[in-house]
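Colleague: Could we go through the pockets and the cores of this model together?

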Amino acid sequence: MNRQLVIMTSDDLKKAAAYAAADLVADGMLVGLGSGSTLVHVLRRLGERVRDSGLRIVGVPTSYQARALAIECGIPIREAMDVSELDMALDGADEIDPAGNHLKGAGGAQVIEKIIASMARRYLVVADGSKWVEHLGRKHPVVAEVVTPALASAMRRFRELGGRPVMRTSGGKLGPVISDLGNPIVDVQFDGIDDPARLDAELNAIPGLVGHGLFVGLAAGAVIARADEAGATVEIVEF
Ligand code: 5RP
């Protein structure tokens, strides 16, 4: 038998997971729309379903990026401030562990992303298999958003908790990256996170910290695409 090996790029895998996740969205749903490159594929697929199959949904975007793309894709939107509950939310992640705890915020949208995830009856993380880790926080930082008067004291507290905080700066602007909500972003690298629930609580107790990208106990499941000989296999993991 002539077997053909299909080489999948990481973006192909993101797209495979994204399409499978977007196809879980049902008619009539109010859906949280996450941010990042995986979510670009989710939004494009939802847009196709709205256009070609008459899917009736309303999206609630987590960032300027998601908002602009939803409009471009023809997905009707409502703003988070006008909504208290969602049927489903789909979003990407930087790392996910087997308990469903995950790190977000490479795109700096983690505060609104957490609000939207927490409003959803079913919040699913969508990712390629490279994001799956046994132990969170060895590669990616915990991304924190802090109001400016609290920057120095929050930096000290991050260090006390064992982290190495660095203000995020941008290639497109001199100085700090300012989030969609108008606050600076700090990347706090740890040498692994042994107890995600404890760190979550410790971070939440920092005065002036608006939010952070460690998501504990929020995800109902994950849609993960991994490469195999035939291309990609998509698995839905329930937490
Ligand atoms: C943005 C995020 C993203 O969802 C996360 O960084 C994953 O991004 P990508 O899909 O591009 O790998 O949290 O704040």
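Modeller: A pocket is an open set of points on a 1 Å grid over the protein atoms alone, where a 1.4 Å probe fits, with protein on both sides within 12 Å along at least five of seven lines; lining residues have an atom within 4 Å of a point. This is a predicted model, in which local features need pLDDT of at least 70, side-chain atom pairs count only at pLDDT 80 or more, and totals for linings use all residues.

Colleague: What volume does the largest pocket have?

Modeller: The volume of the largest pocket is about 240 Å³, taken as the space filled by probe spheres set on the points.

Colleague: Which residues line the largest pocket?

Modeller: The lining includes Tyr-64, Arg-67, Ile-112 and Asp-180. Helix H3 (64–72) and helix H4 (110–119) each supply at least two residues of this lining; helices are DSSP runs of H or I with at least four residues.

Colleague: And the second largest pocket, what is its volume?

Modeller: The second largest pocket has about 210 Å³. Among its 18 lining residues, Ser-35, Gly-36, Asp-94, Ala-106 and Gly-107 are the closest to its centre. Helix H2 (residues 37–53) gives the most to this lining, with 3 residues.

Colleague: Changing topic, how many residues are in the largest nonpolar core?

Modeller: That core has 26 residues, and Val-25, Leu-46 and Ile-75 are among those with the most contacts inside it. A nonpolar core joins buried Ala, Val, Leu, Ile, Met, Phe, Trp, Tyr and Cys residues through side-chain atoms within 4.5 Å, where buried means under 20% relative accessible area with a 1.4 Å probe, protein chains only.

Colleague: Where is the other core?

Modeller: Another core, of 21 residues, lies apart from the largest one and includes Phe-158 and Leu-214.

Note on methods:
Residues are numbered from 1 along each chain as its sequence is written. Side-chain values use heavy atoms; hydrogens and water are left out. Buried means under 20% relative accessible area, exposed over 50%, partly exposed in between (1.4 Å probe, protein chains only).
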